[in-house]
Amino acid sequence: MRLVNVHQAKTHLSRLIDEAHAGETIVLAKAGKPWARLMPLEATAPNRIPGRLRRWGPLSQPDLLLEPMAADELAAWHGSSLWPECSQP
């Protein structure tokens, strides 16, 4: 986080906006006191890299992905921390 006076911010606004868009938070100060914050609207999405898993080759048994899970595997899946606790009526 960087502190910038308003006069300096007016002079370099375009550069400060680019820095904020890149992820930096800039605090604008008036008379040396923090007054406002310049920051990106939302986090940037990570870059997708198509074909990242291609080096491991094709799946050996792709049809297994479409088969239903065994009852004990399904119970372990639902009992894991991946599922949020739901209150039942």
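Where does P34 lie? P34 lies in strand 3, where helices (H or I, at least four residues) and strands (E, at least two) are DSSP runs that are numbered from the N terminus. Before I go on, please keep in mind that this is a predicted model, in which local features need pLDDT of at least 70 and side-chain atom pairs count only at pLDDT 80 or more, while totals for chains, interfaces and linings use all residues. Residues are numbered from 1 along each chain as its sequence is written, and side-chain values use heavy atoms, with hydrogens and water left out.

Strand 2 (26-30) and strand 3 (33-38) pair in the antiparallel sense over 5 bridges. Within that pairing, A36 in strand 3 is the bridge partner of L28, and V27 stands opposite R37 in strand 3. P34 touches V27, L28 and A29, if we leave out residues up to four places away in sequence, contact being heavy atoms within 4.5 Å.

As background, most residues other than glycine have a negative phi. A31 is exposed as well, at 77% relative accessibility.

Now to the helix that covers the sheet. Which residues are buried in helix 2? They are L16, E19 and A20. Seen down the axis of helix 2, these buried residues fall within an arc of 100°, so they line one face of the helix; the arc is that of the directions from the helix axis to the C-beta atoms. What covers them includes strand 1, helix 1 (6-11), strand 2 and strand 3. On the other side of helix 2, S14, D18 and H21 are exposed. Just after helix 2, G23 takes a positive phi of about 120°.

That brings me to the charged side chains. How many salt bridges does a search of the whole structure find? The search finds 3, a salt bridge being a side-chain nitrogen of Lys or Arg within 4 Å of a carboxyl oxygen of Asp or Glu. One of them joins the side chains of E19 and R2, at 2.7 Å from N to O, and this pair links distant parts of the chain, with E19 in helix 2 and R2 in strand 1, 17 residues apart. R2 also meets E24 in a salt bridge, at 3.7 Å from N to O, and here the partners are 22 residues apart, R2 being in strand 1 and E24 in the loop between helix 2 and strand 2. Both R2, with a relative accessible area of 29%, and E24, with 28%, are partly exposed.

R15 forms a salt bridge with E19, the closest N and O atoms being 3.4 Å apart. Because R15 and E19 are 4 residues apart in helix 2, they are separated by about one helical turn. R15 counts as partly exposed, at 40% relative accessibility. Through shared partners, these salt bridges join R2, R15, E19 and E24 into one network.

Finally, a remark on the residues beyond the sheet. R48, in the loop between strand 3 and helix 3 (71-78), is exposed with a relative accessible area of 72%. R48 and A31 are 17 residues apart in sequence and 44 Å apart in space, C-alpha to C-alpha, whereas P34 and D72 are 38 residues apart in sequence and 58 Å apart in space, again C-alpha to C-alpha.

Terms used
Buried means under 20% relative accessible area, exposed over 50%, partly exposed in between (1.4 Å probe, protein chains only). Two strands pair if DSSP finds at least two bridges between them.
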